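I am opening a notebook page on a structure that is new to me. I want to look up how its parts meet and write down what I find.

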Amino acid sequence: MSSTFLGMPGSFPKNAAKAVQNSQLRYNLRKATHTIRGKRANVVGELPDWQELRAAGKAIKDETLRHLDRYLVQMEEAVTRAGGHVHWARDADEANRIVGELIKATGETEVVKVKSMATQEIGLNEALAAQGVTAYETDLAELIVQLGDDFPSHILVPAIHRNRAEIREIFLDKMEKVPEGLTDEPRALAEAARLHLRERFLKSKVAISGANFMVAETGTLVVLESEGNGRMCLTLPETLISVVGIEKLLPAWRDLEVFLQLLPRSSTGERMNPYTSMWTGSVEGQDFHLVLLDNGRTDVLADEVGRQALRCIRCSACLNVCPVYERAGGHAYGSVYPGPIGAILTPQLRGMSSELDASLPYASSLCGACFEACPVAIDIPEVLVDLRAKVRHKPAERAGMRVAGWILNDQVRLAKAQRLATRFRKLVPKRLPGPLSAWTDTRDLPDIPEESFRDWWERNERA
Amino acid sequence: MRVALFITCVNDTLFPGTGKAVVSLLRRLGCEVDFPAAQTCCGQMHVNTGYRDEGVRLARHFTEVFAGYDAVVAPSGSCAAMVREQYPKLVRPGSRGATAVAEVAPKVHELSEFLIDVLKVDDVGAYFPHRVTYHPTCHSLRGLHLGDRPTRLLQNVRGLELVELPAAQECCGFGGTFAVKNPAVSAAMGADKVRNVLGTGAEVLCAADNSCLMHIGGTLNRQRTGVRIMHLAEILAATEEAQ
Ligand code: SF4
């Protein structure tokens, strides 16, 4: 995945422990997630058939994934027929190489980009920079992240961790031409970005995008957006290169009816997004290339429990309702995919060998808010628990859990352990040592009772 | 009706008062309550922490112990959800013990479900003259879909003033071993929950799960807030005579 995030040190608990003490971050995140949460709840609540739509979304994606091989070939044929070129990329390196070569063939050294998760996942901007190509993000929030030399922290709102005062600072610091007297009013900031980008749009001959959906039947790609910058990138340049994960397919045109309802309502909390662009192959002489990206997806597909993560349409509803994300922020997840979806997707895409990746399946209280909000009904808690069973556990923890399992599996052993605890109840310290101090650092322990329930029953009730 | 009490290991060891309350409440409502002594733990901690084998052993043990009862009542939404929702996936159809799971799991009820759906009472004749707020707990809410069952029961308690908890549906941050594996986030979530509890001006925070209460209550105590925690069963068991 993203080279920028790859090899990030630390673990989720350590990263999160720092983030929760950042009052500015906590305030920004609380405000932003609660606002989107409320908007989503309203527009989802007004649809009487939301649960049916959700079930349909899940069913369509499951059908696609089951026959992915067939639909992918169908997609390739349809795009080729419409004058486009299709490339297959096994992993990030291959995809970056293909895109680099395609750009090189045009002779250009600057490209504009439509906001895309897939290109971030493969670290395309950095790979292109190494080949002497500068990629300019055109989505406002992505631009803020790029100018600030920062990491995205949210799927939909990558700069969610920044407030407008910070954004103004970044613009003043990094933009070549900033309007005089720039304030931190959202309108003024957007205008500054618009001026900054306009020239790029007009100059650029190559654009790079992802896609929200691909329709196998027709070979059509679909991008949903709010700002219109994507539409400019998709239509103005002479060459368009789209890097799309193989799971973004939908079998038929009519399936869009379901997803064009599910996505905006779950994502921005709107009934409909302002811009929906669709294109099929090469349009009006534009040179079109589709790079189909695997990068670990077929491995995920092979996992019976984990494969449901491939239904994800990257709406970010699960982030916005997640109490852990709200307090830890996106950077703690060390991946372009933060929040609940990141906690199940990142470990599957890049494995669980690093300390950070092995800690991700535990970055959840299993409260289930994500599952409830997910428009394609991904049972995120189920996948988390399944991944936890696959993580290599620390030896001390494993030993402790084995002993606990042995005691709990037998009433006599359990009763003995309970009596031991009650006998020494007065000796239990207020602050526990070792890993258990994690409990007593912020909470008192409950008093240990004089007698367990089973002993009370035995004494009073056993006939 | 032959009702078995599944006390749960946490209640058994740390909150025996909750078990005693369930027994007295169910007897008051005419049930014959049995406590199968061989019971231990549902296995939730092991399964949810990634120790599936231990969890499967505990699940098989559970179903052996509770086979043959008309109903099993547990004063814990999360343990009831574990048995009913997770067992059928954990002990796969066709594997050893799967038939027993299929038979026993549907008979396991969380206390408020048992009172309202099986016994069909929503007024248990309790008396508790205090200001109370109720935290619905995630597994009761999103796992078992208890809905308003617990608050309906509380509303019918004489003398009780039920005040709504703001952002009640938000997780308190307990999450089993999450509380020690991610202590900072857990404490941050707990702090927000506590703030909301204090905002209600309630004397008592009530829930259908002592494990969540142990976390929120531990924080309430540490901050010397003077708000006490009580399991739903203990409030429903309280009567005028027993005050
Ligand atoms: S997992 Fe579900 S809720 Fe989360 S981003 Fe993906 S589709 Fe949206």
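Predicted model: local features only at pLDDT ≥ 70, side-chain atom pairs only at ≥ 80, totals over all residues.

Residues are numbered from 1 along each chain as its sequence is written, chains are lettered from A and ligands numbered from 1 in the order in which they are written, and side-chain values use heavy atoms, with hydrogens and water left out.

**Entry 1: one residue of chain A**

I began with Phe201(A), which is placed in helix 10 (residues 186-203) of chain A; helices (H or I, at least four residues) and strands (E, at least two) are DSSP runs, numbered from the N terminus. Why does Phe201(A) count as buried? Phe201(A) counts as buried because its relative accessible area is 7%. Taking contact as heavy atoms within 4.5 Å, I found that Phe201(A) touches Thr138(A), Asn229(A), Met232(A), Cys233(A) and Leu236(A), leaving aside residues up to four places away in sequence. I also looked up Lys113(A), 88 residues from Phe201(A) along the chain, and the C-alpha atoms of the two are 9.8 Å apart.

**Entry 2: domains**

Domain bounds come from an automatic or database domain assignment. For chain A the assignment gives domain 1 (12-298) and domain 2 (395-462), and the centres of these two domains, taken over C-alpha atoms, are separated by 51 Å. Chain B is divided into domain 1 (2-118) and domain 2 (131-237), with 22 Å between their centres, again over C-alpha atoms. In chain B, 28 residues from domain 1 and 21 residues from domain 2 take part in the contact.

The size of an interface is often given as the accessible area lost when the parts come together. Here buried area is the accessible area (1.4 Å probe) that two parts lose on being put together, summed over both. Phe15(B), Ser112(B) and Ile116(B) supply 22% of the area that domain 1 of chain B buries against domain 2 of chain B, more than any other three residues.

I then looked for a salt bridge, meaning a side-chain nitrogen of Lys or Arg within 4 Å of a carboxyl oxygen of Asp or Glu. The rule finds one salt bridge across this domain interface, and I also recorded that the side chains of Asp117(B) and Arg149(B) meet in a salt bridge at 3.1 Å, N to O.

**Entry 3: chain B against chain A**

Between the chains, 62 residues of chain B are in contact with 65 residues of chain A. The two chains bury about 5400 Å² between them, 58% of it on carbon and sulfur atoms, and Phe35(B), Tyr51(B) and Arg222(B) supply 13% of the area that chain B buries against chain A, more than any other three residues.

How many salt bridges are there between chain B and chain A? The count is 14. Helix 11 (residues 183-200) of chain B gives nine residues, the largest share of the side of chain B that touches chain A.

Asp444(A) is buried, with a relative accessible area of 14%. Asp444(A) forms a salt bridge with Arg222(B), their closest N and O atoms being 2.7 Å apart, and the side chains of Asp444(A) and Arg224(B) also meet in a salt bridge, at 3.3 Å, N to O. Arg224(B) counts as exposed at 64% relative accessibility.

Arg327(A) and Glu170(B) form a salt bridge with closest N and O atoms 3.2 Å apart. Arg327(A) lies in helix 15 (residues 323-328) of chain A and Glu170(B) in the loop between strand 6 (161-163) and helix 10 of chain B, so the pair joins two chains. Both Arg327(A) and Glu170(B) are buried, and both belong to a network of salt bridges that also includes Arg26(A) and Asp192(B).

**Entry 4: a loop residue of chain B**

Last I looked up Asn182(B), found in the loop between helix 10 (178-181) and helix 11 of chain B. Asn182(B) is buried, with a relative accessible area of 1%, and touches Phe12(A), Pro13(A), Tyr362(A) and Ala363(A), not counting residues up to four places away in sequence.

Definitions and conventions. Buried < 20%, exposed > 50% of the residue type's maximum accessible area, 1.4 Å probe, protein only.
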